[in-house]
Structures are given as structure tokens and as C-alpha cells.
Amino acid sequence: MIDYEKFQKSLKHLEVQYANYTGMDDRPNLTEIDKEAITESVIQRFEICYDSLWKVLKRYLNETLGIPDVPNSPKPVFRLANENSLFTSPVDKWLLYADTRVDTAHDYSLEKVEQALSMMKDFIGDAIGLYQTMTGLTWE
């Protein structure tokens, strides 16, 4: 049986921290360093969520769908998931998430951070959809 707890917990944390990020402008008491810390936390939570997502997806493909020899890297796993109709959005978006994850691991420039933040809402929605598909549960 697949344990979805780490994926679920990391996604909930990302969702909460992203909401904190999008609400920063409504909190005039935040200093610039506070805002920077919240932004960095969103990126870090994305990285953790992304990593747990593709690993649990790999297990799902192998253990639930019975696909032997599932590749051990995200992009091939995403392509295989797409071939098995597990995504509600195009696989190209998932490949963009993979590229963004690589970028955030190696480059903390403002440009890369802004790029990651610009797709965060979509990633969260797509990750929730995948969670629901794999578990059969409604996201709370």
C-alpha cells in the first residue's frame, strides 16, 4: 500500500505558505526580510512537495497500475503518467514544473524565483488534482 502522507503534508504546507505569500501586501507590518523569508519558504516548500509528488507517482505507476520498470527520474515518470491519463493538465506543464525544480535547486536569482512563483498556483492545483486521482480522496 502506498503511503501518501508525506506528499499530502508537503502539499498542504505549500498551499498554506503560498497563501501567506499572496497575502503579504495586506500585512503592512511585514519587513522586507520577513517578505523575503516567506518567499524563500514558498520555494523550499515547492521543492519538497515536488520531490515527494514525483516519487509517490512513481510508486503509483508501478504498484497500482502495475507498470514494470518505471524510470527513476521525474520527466519520464511524468510522461508515463500522462500516457496513463493521470493528469488533468497537459504534460508540458509538468515538464515545466520539472525544469522549475531544477532551476530552483541551482539558481536563486530573482528571475528564477519569480518564474517559480508565477507557476505556483497552477502547480498547487495540478498537484491537488493528481493527489485526488491517485488516492480517490477529496482534497480538504
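Is Asp103 buried, partly exposed or exposed? Asp103 is partly exposed, at a relative accessible area of 22%; buried means under 20%, exposed over 50% and partly exposed in between, with a 1.4 Å probe and protein chains only. This is a predicted model, in which local features need pLDDT of at least 70 and side-chain atom pairs count only at pLDDT 80 or more, while totals for chains, interfaces and linings use all residues. Residues are numbered from 1 along each chain as its sequence is written, and side-chain values use heavy atoms, with hydrogens and water left out.

**Stop 1: salt bridges**

The term stands for a side-chain nitrogen of Lys or Arg within 4 Å of a carboxyl oxygen of Asp or Glu. The structure holds eight salt bridges.

Next select Arg101 and Glu47, another salt-bridged pair, whose closest N and O atoms are 3.9 Å apart. This pair links distant parts of the chain: Arg101 sits in helix H4 (residues 91-106) and Glu47 in helix H2, 54 residues apart. Helices are DSSP runs of H or I with at least four residues, numbered from the N terminus. Arg101 counts as buried at 16% relative accessibility, and Glu47 is buried with a relative accessible area of 9%.

**Stop 2**

Select Glu32 and Lys35. Their side chains meet in a salt bridge, at 3.9 Å from N to O. Both residues lie in helix H2, three residues apart, which is about one turn of the helix. Glu32 is exposed, with a relative accessible area of 60%, whereas Lys35 counts as partly exposed at 22% relative accessibility.

Now select Thr39, found in helix H2 (residues 32-64). Leaving aside residues up to four places away in sequence, Thr39 touches Tyr21, Met24, Val113 and Leu117, where contact means heavy atoms within 4.5 Å.

Glu40 also lies in helix H2. Glu40 counts as partly exposed, at 48% relative accessibility. Draw a C-alpha to C-alpha distance from Glu40 to Gln17: the two are 10.0 Å apart in space and 23 residues apart in sequence.

**Stop 2: the largest pocket**

Select Asp3, Lys6, Phe7, Ile48, Asp51, Ser52, Lys55, Val56 and Arg59, which line the largest pocket. On a 1 Å grid over the protein atoms alone, a pocket is an open set of points with protein on both sides within 12 Å along at least five of seven lines, and lining residues have an atom within 4 Å of a point. About 160 Å³ of space lies in the largest pocket; grid points are joined across faces, edges and corners, and a volume is the space filled by probe spheres set on the points.

Colour the lining by helix. Helix H1 (5-22) and H2 each supply at least two residues, and H2 gives the largest share, six residues. By type, the lining of the largest pocket divides into three nonpolar, one polar and five charged residues. Here Ala, Val, Leu, Ile, Met, Phe, Trp, Tyr, Cys and Pro count as nonpolar, Asp, Glu, Lys and Arg as charged, and the others, Gly among them, as polar.

**Stop 3: the cavity**

How many cavities of 30 Å³ or more does the structure hold? There is one. A cavity is a set of grid points where a 1.4 Å probe fits but cannot get out. The largest cavity has a volume of about 40 Å³. To see its lining, select Leu86, Phe87, Thr88, Ser89, Trp94, Asp126, Gly129, Leu130 and Thr133. Helix H6 (residues 120-135) gives the most to this lining, with four residues. The lining of the largest cavity comprises four nonpolar, four polar and one charged residue.

**Stop 4: two loop residues**

Most residues other than glycine have a negative phi. Select Asp69, in the loop between H2 and helix H3 (74-83). Asp69 is not a glycine, yet has a positive phi of about 55°. Asp69 counts as exposed, at 74% relative accessibility.

Finish at Ser85, in the loop between H3 and H4. Phi of Ser85 is also positive, near 55°, and Ser85 is exposed, with a relative accessible area of 62%.
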